[in-house]
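Hello,

Please find the structure below, for you to look over. My notes on it follow.

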Amino acid sequence: MPSFAVPPLTPDLVVKAVAAASVLCLAVWVRIRRRIQDNISNIPGPESRAWAGNYVLLHDADKGWEFFDEINTNYGSVCRITTPPLCNDLVYISDPLALNHMCRRDENLWDDPPEIHLMLQMVLGTKGLGSTHGAEHVRQRKYLNPIFGASYLKHMPPLFYEVTQRFVQSLKTLCTEGPTEMDMSHWGTRVSLEFVGQGAMGVSLDSLEVDAKPNLYGEDLKGGFVALSIPAARLGVKYFLPRIASLSTPGFNRWLLNLVPSPLVAIIRNFIWELERNSQVMFQEKKNAIINGSDASMGKDLMTAIISEHVLADRPDRVSEQEATSHFRTLLFAATDTSSSAILRTIQLLSEHPDVQTALRDEIKAAKEEGDGEIPYDKLLALPWLDAVYRETLRLCVSSSLSFPSHLPPTLMHILVSAGTPPPASSTAWPCKTPSSRSRSRSRGRDGRPMRELILRKGTVVTMSLVGVNRSKAVWGPDADEWRPQRWMEALPETVKSTKMPGIYSH
């Protein structure tokens with residue numbers, strides 16, 4: 001029987017064996033990590049312009065809008081967004097019919113990627129509406145939805161009118177000596193914070209006086225939003241935060257955050273802690289005022305409704321103080337920035353379109369005269385120019401332009417991009433209203449062959465583009481890029497009426 005000599009175990013042989021095993025493990029890891037890429041690599045899309053791919057352009061304040069326009073013009077409603085090396089690319093979808101399936105019909109099949117959950121839990125707490133998912137998220141929406149209904153909101157206009165009067169008076173004070181240049185971003189943050197404070201919390205967060213020191217939270221909020229939105233922060237949140245957070249406890253992560261010598265991290269850290277501190281203080285003050293009967297808001301704000309009906313009430317589904325505090329953090333975080341963006345965009349667009357500004361002013365003045373100085377809630381909603389202005393502003397300048405849901409179902413997802421394509425058996429199939437690629441008549445992949453469907457594996461990250469669907473010329477017509485409120489006062493095109501777009505409005 002032949003014998004085989006085993007070579008001696010030398011240091012050189014050990015190094016070679018370890019190197020070979022490392023290369024093999026790396027190859028297997030990359031193959032597993034990139035399994036999703038195999039299914040989407042044929043989808044057309046812009047070539048990478050940086051080492052981090054085109055992902056950073058989605059969040060670039062200077063080049064982002066230009067990039068959106070390029071996608072919508074050259075690639076249609078479905079394309080691929082490149083990412084850093086060794087990472088799976090994203091699928092960009094702005095097709096209204098596909099988005100309707102994602103947001104409504106098949107909502108349970110999708111969820112935010114892990115890094116988004118982690119970021120929201122760091123900012124909003126672990127129990128709030130913005131950071132929960134699944135059955136817990138559905139439970140919270142069930143009891144919170146009525147609080148945002150008309151029965152509560154109809155009490156809000158008098159609160160907002162009082163805040164608006166203070167805001168306008170401060171602007172008049174600044175202009176007493178004639179035309180004056182002012183930082184409207186600064187004032188937009190201040191007035192939005194006060195709107196949220198009065199309407200959601202029942203407290204005043206800013207006097208809005210010219211010489212008053214702005215609320216520290218408002219300044220941290222603005223800095224935090226800016227910091228979280230820059231490309232470097234987005235890359236860190238998406239590709240590094242999940243790895244770090246999985247290694248230890250939240251307490252250790254917070255301690256570790258203190259050690260990072262980065263001005264950007266310091267801004268985000270201070271913003272998160274200021275948000276947490278303000279929410280806890282306001283919750284305790286409001287709860288004590290309700291218990292002692294000294295609440296000056298008369299129960300007209302959202303915080304009072306949550307505490308009175310769901311925290312202090314003796315009921316089996318009683319809400320914990322931790323959960324309620326997380327809801328307040330969510331309101332402060334989400335409502336302030338979106339309100340500020342919408343207000344500032346509206347002011348800018350009205351200043352650029354004096355004819356619309358004049359028509360809107362005349363309409364509001366006439367309504368105020370009929371209502372003895374104040375416009376009732378029902379009358380406010382019925383003003384055609386006002387309705388058209390805010391609809392058109394939110395259509396063209398959405399406050400949150402992107403969402404990043406991740407694919408959850410165990411079966412493959414088939415997105416049908418060519419008419420007449422039969423859906424595969426035992427799969428979830430979506431139609432697309434408009435095909436991808438430059439040719440609207442026939443979609444083709446990067447290999448030049450017709451692309452009749454997209455097959456998305458579990459874990460595929462899809463970018464839902466609200467900007468793309470709201471500015472689609474195939475839906476809104478050739479003037480889709482124009483701010484024209486009159487479109488809402490005319491008969492909308494059939495392409496708009498027949499499109500089942502997700503959102504709060506039924507077109």
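To begin with helix H8: Met156, Pro157, Tyr161, Val163, Arg166, Phe167, Ser170 and Leu171 are its buried residues. Please bear in mind throughout that this is a predicted model. The length of H8 agrees with expectation, because 19 residues at 1.5 Å a residue should span 27 Å and the C-alpha atoms at its ends are 28 Å apart.

Aromatic pairs

Ring pairing gives a count of 5 aromatic pairs. One of them is formed by phenylalanine 160 and phenylalanine 195: the ring centres are 5.3 Å apart and the planes stand at 80 degrees, so this pair is edge-to-face. It links distant parts of the chain, with phenylalanine 160 in H8 (residues 156–174) and phenylalanine 195 in H9 (residues 184–201), 35 residues apart. As for accessibility, phenylalanine 160 has a relative value of 29% and therefore counts as partly exposed. Phenylalanine 195 has a relative accessible area of 18%, so it is buried.

Phenylalanine 283 and phenylalanine 328 also pair, with ring centres 5.6 Å apart; their planes are at 35 degrees, so the pair is tilted. This pair, too, links distant parts of the chain: phenylalanine 283 belongs to helix H14 (residues 263–292) and phenylalanine 328 to helix H16 (residues 321–352), 45 residues apart. Phenylalanine 283 and phenylalanine 328 are both buried.

Arginines over rings

Arginine 190 lies over the face of tryptophan 187, at 4.6 Å from the centre of the ring. Arginine 395 lies over the face of tryptophan 476, and there the distance from the ring centre is 5.1 Å.

Strands S2 and S9

Strand S2 (residues 90–93) and S9 run parallel and are joined by 3 bridges. Within this pairing, isoleucine 93 has methionine 464 of S9 as its bridge partner. In a regular strand, side chains alternate between the two faces of the sheet. Strand S9 (residues 462–465) has Val462 and Met464 pointing one way and Thr463 and Ser465 pointing the other way. All of these S9 residues are buried.

Regards

Technical notes
Residues are numbered from 1 along each chain as its sequence is written. This is a predicted model: local features need pLDDT of at least 70, side-chain atom pairs count only at pLDDT 80 or more; totals for chains, interfaces and linings use all residues. Side-chain values use heavy atoms; hydrogens and water are left out. Rings of Phe, Tyr and Trp (its six-membered ring) pair if their centres lie within 6.5 Å; planes under 30 degrees apart count as stacked, over 60 as edge-to-face and the rest as tilted. Helices (H or I, at least four residues) and strands (E, at least two) are DSSP runs, numbered from the N terminus. Buried means under 20% relative accessible area, exposed over 50%, partly exposed in between (1.4 Å probe, protein chains only). A charge sits over a ring if NZ of Lys or CZ of Arg is within 6 Å of the ring centre and within 35 degrees of the ring normal. Two strands pair if DSSP finds at least two bridges between them. The expected span of a helix is 1.5 Å times one less than its number of residues.
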